[in-house]
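Visitor: I have a model open beside its sequence, and I would like to learn how to read it feature by feature. Could you take me through it, giving the general idea and then the case at hand?

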Amino acid sequence: MATTSAGASEIPNARKAAETESDAREIVFSVRNLWKVFGPKADKIPGDSSVAGLNAQELREQTGCTAAVRDVSFDVHKGEVFVVMGLSGSGKSTLVRCLTRLIEPTSGNLEMDGEDVRAMDRGALRELRRRRAAMVFQHFGLLPHRSVVDNVAYGLEIQGVGKAERRVKAGEMVDKVGLAGLEKRRPGQLSGGQQQRVGLARALAVDPEVLLFDEPFSALDPLIRRDMQEEVVRLHREEGRTMVFITHDLAEALRVGDRIALMRDGEIVQLGTPEEIVGSPADDYVRDFVRDVPREQVLTVRRAMRPVEDGESDQGPALSPDTLISDAIEAVARSGGAARVVDDGRCLGIVDHACLLNVVARIDHPQHGEVAA
Ligand SMILES: Nc1ncnc2c1ncn2[C@@H]1O[C@H](COP(=O)(O)OP(=O)(O)OP(=O)(O)O)[C@@H](O)[C@H]1O
């Protein structure tokens, strides 16, 4: 059974990125039918219909191979936080490492900004990893004998940026991640969270188009972890930088993700916004995964509202369609009556005590929720 670490009351205001909105955005990474197979004659597996459909265990028994990534297709849109989530061994790290060919894909198409990543030569790949899609690892990879500011400047040094310029830039990044005053310390004199901030500042200093995070905060204690998640969300809001973020922690995925790809045995079992994953799980596996999530903190009134009846469209408090159920509960409780869901001056639906309770109690009435907007 899937276990998750989504704790009650752990999830603050959910993201409001609507799928339709992100679909219209520019595509940074485009991944189609990507496979990564480990084992003997790995390249034969994707095209062999007699084995490609086997489950993980059968494939291992019959061929000695592991399909860490199995026929995966998705786009990462410019400016989104794209989370890759799944239990240990589901293929998250392999998938994200394939994006910059730190692991060579076995087959499939892979483009960044329309460029074929699989066709890139060594020089282009180096450029890709250094400047275009920088990775922030769980183990920060800091240089122990260098100061904080010199660690942050390191990526710029590799790029051949002059000393004066890199000091200025590194200083700015140290401030940005909240480490001002600690510039001269060495990594050993910092807490785990502070070290992770140095790693983050180092990745930001090279100003990459995309930041790739591989379980960056899993070694941190919960409070510092929470701080770092907020830091990522803040940086993202301020800069709109595209981020791909691996985690096995559902609460973390819901907190930082605009969209989440949920992986199982190398496949993406569902790709959607936090609200879609929690509100419309694709199968029993996903349903089980999200079972303990406090729905009122992720779902919005879009899902709870019912059609407007005569005389209701101009009464009661007005809520935007992105209002979280938890906030709507407060509004309805305070007003004592139903609230209107209003977008652009138009009343889309009504939320009353009954529809809000239905969401919390996981009762799906077809007449409630998903009123055509
Ligand atoms: N070099 C390798 N050789 C053989 N099998 C591998 C190799 N690397 C990964 N695997 C297998 O591929 C599958 C996916 O591994 P991967 O590390 O991508 O999962 P993950 O979801 O990132 O796991 P975790 O959360 O534990 O890091 C696992 O079954 C793993 O054992």
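Visitor: Which way do strand 3 and strand 8 run, and how many bridges join them?

Guide: Strands of a sheet pair through backbone hydrogen bonds, either parallel or antiparallel. In this predicted model, strand 3 (residues 81–86) and strand 8 run parallel and are joined by five bridges, where two strands are said to pair if DSSP finds at least two bridges between them. Helices (H or I, at least four residues) and strands (E, at least two) are DSSP runs, numbered from the N terminus.

Visitor: How many bridges join strand 7 to strand 8?

Guide: Five bridges join strand 7 (residues 210–214) to strand 8, and these strands run parallel; here Val210 stands opposite Thr242. Strand 7, helix 9 (residues 222–239) and strand 8 together make a right-handed β-α-β unit, the crossover being called right-handed if, with the strands pointing away from the viewer, the path from the first strand over the helix to the second runs clockwise.

Visitor: Is strand 8 mostly covered or mostly open?

Guide: Burial is judged by counting other C-beta atoms, placed from the backbone, within 10 Å of a residue's own: 20 or more is buried, 12 or fewer is exposed, and in between is partly exposed. Strand 8 (residues 242–247) is mostly covered, with six of its six residues buried. Thr242, Val244 and Ile246 point one way from the strand, while Met243, Phe245 and Thr247 point the other way, and all are buried.

Visitor: In what order do the strands of the open sheet lie?

Guide: Four strands form this open sheet in the order 2-1-4-5, and their pairing is antiparallel. Strand 2 and strand 5 (115–116) are the edge strands, each pairing on one side only. Strand 5 pairs with strand 4 (residues 107–112) over two bridges in the antiparallel sense, and Glu115 in strand 5 is the bridge partner of Met112.

Visitor: Which residues are around the ligand?

Guide: A residue is taken as near a molecule if its C-beta atom, placed from the backbone, lies within 6 Å of it. The residues around the ligand are Phe38, Thr66, Ala68, Gly86, Ser88, Gly89, Ser90, Gly91, Lys92, Ser93, Thr94 and His248. The elements giving two or more residues to this shell are strand 2 (66–77) and helix 4 (92–99), and helix 4 gives the largest share, three residues. By class, the shell has two nonpolar, nine polar and one charged residues, where Ala, Val, Leu, Ile, Met, Phe, Trp, Tyr, Cys and Pro count as nonpolar, Asp, Glu, Lys and Arg as charged, and the others, Gly among them, as polar.

Visitor: Why does Val290 count as buried?

Guide: Val290 is buried because 21 other C-beta atoms lie within 10 Å, although Val290 itself lies in the loop between helix 12 (284–289) and helix 13 (301–304). Not counting residues up to four places away in sequence, Val290 touches Leu250, Ile277, Val278 and Pro281, contact being a C-beta to C-beta distance, with these atoms placed from the backbone, within 7 Å.

Visitor: What is the phi value of Lys41?

Guide: Phi of Lys41 is near 50 degrees, a positive value in a residue other than glycine. Lys41 lies in the loop between strand 1 (27–38) and helix 2 (49–52), and counts as exposed because it has 11 C-beta neighbours inside 10 Å. Phi of Asp207 is also near 50 degrees; Asp207 lies in the loop between helix 8 (192–205) and strand 7.

Visitor: What confidence does the chain have on average?

Guide: The predictor's confidence in each residue is the pLDDT, from 0 to 100; the chain averages 86, and 90% of the residues score at least 70. Over residues 1–22 the pLDDT is below 50, and beyond near neighbours in sequence this stretch has 51 contacts in the model. Over residues 367–373 the pLDDT is likewise below 50, with 18 such contacts. Where pLDDT is low, the predicted coordinates should not be read in detail. The model scores ipTM 0.98 and pTM 0.84.

Visitor: What conventions apply to the numbering and to the features?

Guide: Residues are numbered from 1 along each chain as its sequence is written. In this predicted model, local features need pLDDT of at least 70 and side-chain atom pairs count only at pLDDT 80 or more, while totals for chains, interfaces and linings use all residues.

Terms used:
Contact = placed C-beta atoms within 7 Å.
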